[in-house]
Amino acid sequence: MPEEAEVRGLLALMLHCEARRRARRGAEGRYIPLLEQDSQQWSLPLIAEAELHLAEAASRGRTGRFQLEAAIQSVHAERARSGRTEWTAIVLFYEQLTRISPTLGTRTGHAAAVGEASAPEAGLAVLDRIDPEDVSAFQPYWAVRAHLLQRLGKASEAAEAFDRAVGLAEDPAVRQFLLQRRG
């Protein structure tokens with residue numbers, strides 16, 4: 001289905017994710033979050049291939065979920081060239097994505113991006129609009145909440161959120177990362 005825009009969008013998304021594979025883990029398998037990854041370890045040929053597929057998908061004029069997710073990854077990938085992340089662009093893509101696919105992951109990612117583009121308070125406001133029952137067992141929500149609260153200097157609230165995130169983490173390396181962040 002090479003003529004389908006969303007198929008091209010999905011391929012672009014997969015290539016962007018694969019391009020960062022080597023940078024996701026450090027020595028002894030230590031987890032490294034996207035914002036702390038060494039972008040020099042990212043595969044520029046895979047990023048370039050992803051960009052070609054994303055451009056082809058965009059030329060079809062039918063924007064969908066996978067294209068928007070790939071576009072968010074494309075903005076992150078630009079850090080390998082420029083050294084910076086354009087958070088405002090990421091927020092705009094997340095706003096579009098939230099309209100067509102308001103999943104917990106999308107809404108949590110949107111909150112994280114708003115927290116980076118604006119201020120931690122703004123990111124928390126986005127998180128607070130999510131029904132607490134929906135996120136009781138959703139680890140990324142608690143990790144983002146902990147990060148934003150920590151940035152605000154709300155140590156005890158951040159520690160509680162970190163504890164929830166740690167308890168929900170299935171990957172031992174992610175669990176260890178969160179424990180270290182908790183302090």
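**Close-up 1. Helix 9 against helix 10 in a predicted model.** Axes are lines fitted to C-alpha atoms, for helices over the stretch in contact, and the angles between them run from 0 to 180 degrees between N-to-C directions. In this predicted model, the axes of helix 9 (residues 139-151) and helix 10 (residues 155-168) come within 8 Å and cross at roughly 155 degrees. Because angles over 145 degrees count as roughly antiparallel, helix 9 is roughly antiparallel to helix 10. The crossing in which helix 9 passes helix 10 is left-handed. On the side of helix 9, the residues that meet helix 10 are Gln139, Trp142, Ala143, Arg145, Ala146, His147, Leu149 and Gln150, while helix 10 contributes Glu157, Ala158, Ala161, Phe162, Arg164, Ala165 and Leu168. Sorted by class, this contact of helix 9 with helix 10 holds nine nonpolar, three polar and three charged residues.

**Close-up 2. Helix 6 against helix 7.** Helix 6 (residues 104-117) packs with helix 7 (residues 120-128) at an angle of about 165 degrees, their axes being 7 Å apart. That angle makes helix 6 roughly antiparallel to helix 7, and helix 6 passes helix 7 in a right-handed crossing. From helix 6, the contact is made by Arg107, Thr108, His110, Ala111, Val114 and Gly115, and from helix 7 by Pro120, Ala122, Gly123, Val126 and Leu127. By class, the contact of helix 6 with helix 7 comprises six nonpolar residues, four polar residues and one charged residue.

**Close-up 3. The surroundings of threonine 108.** Threonine 108, which lies in helix 6, has a relative accessibility of 2% and therefore counts as buried. When its neighbours within four places in sequence are left aside, threonine 108 is in contact with Leu127, Ile130, Phe138, Pro140, Tyr141 and Val144.

Close-up 4. A search of the whole structure finds eleven salt bridges, and one of them joins the side chains of glutamate 3 and arginine 60, with a distance of 2.8 Å from N to O. Glutamate 3 belongs to the segment before helix 1 (5-19), whereas arginine 60 belongs to the loop between helix 2 (44-58) and helix 3 (65-77), so that the pair links distant parts of the chain, 57 residues apart. Arginine 60 has a relative accessible area of 25% and is partly exposed.

Close-up 5. Glutamate 69 forms a salt bridge with arginine 65, and the closest N and O atoms of the pair are 2.8 Å apart. Because glutamate 69 and arginine 65 stand four residues apart in helix 3, they are separated by about one helical turn. Glutamate 69 is buried, with a relative accessible area of 18%, whereas arginine 65, at 38% relative accessibility, counts as partly exposed.

**Close-up 6. The pair of glutamate 78 and arginine 81.** The side chains of glutamate 78 and arginine 81 meet in a salt bridge with a distance of 3.7 Å from N to O. Glutamate 78 counts as partly exposed at 35% relative accessibility, and arginine 81 is likewise partly exposed, with a relative accessible area of 48%. Elsewhere, salt bridges that share partners join Glu3, Glu56 and Arg60 into one network.

**Close-up 7. Glutamate 28 in a loop.** Glutamate 28 lies in the loop between helix 1 and helix 2, and its phi is near 55 degrees, a positive value in a residue other than glycine. At 80% relative accessibility, glutamate 28 counts as exposed.

How values were computed. Residues numbered from 1 in each chain as written. Predicted model: local features only at pLDDT ≥ 70, side-chain atom pairs only at ≥ 80, totals over all residues. Heavy atoms only, no water. Helix = DSSP H or I, 4+ residues; strand = E, 2+ residues; numbered from the N terminus. Buried < 20%, exposed > 50% of the residue type's maximum accessible area, 1.4 Å probe, protein only. Contact = heavy atoms within 4.5 Å. Parallel < 35°, antiparallel > 145°, perpendicular 65-115°, else oblique. Left-handed = near helix turned anticlockwise from the far one by under 90°. Nonpolar A, V, L, I, M, F, W, Y, C, P; charged D, E, K, R; others polar. Salt bridge = Lys/Arg side-chain N within 4 Å of Asp/Glu carboxyl O.
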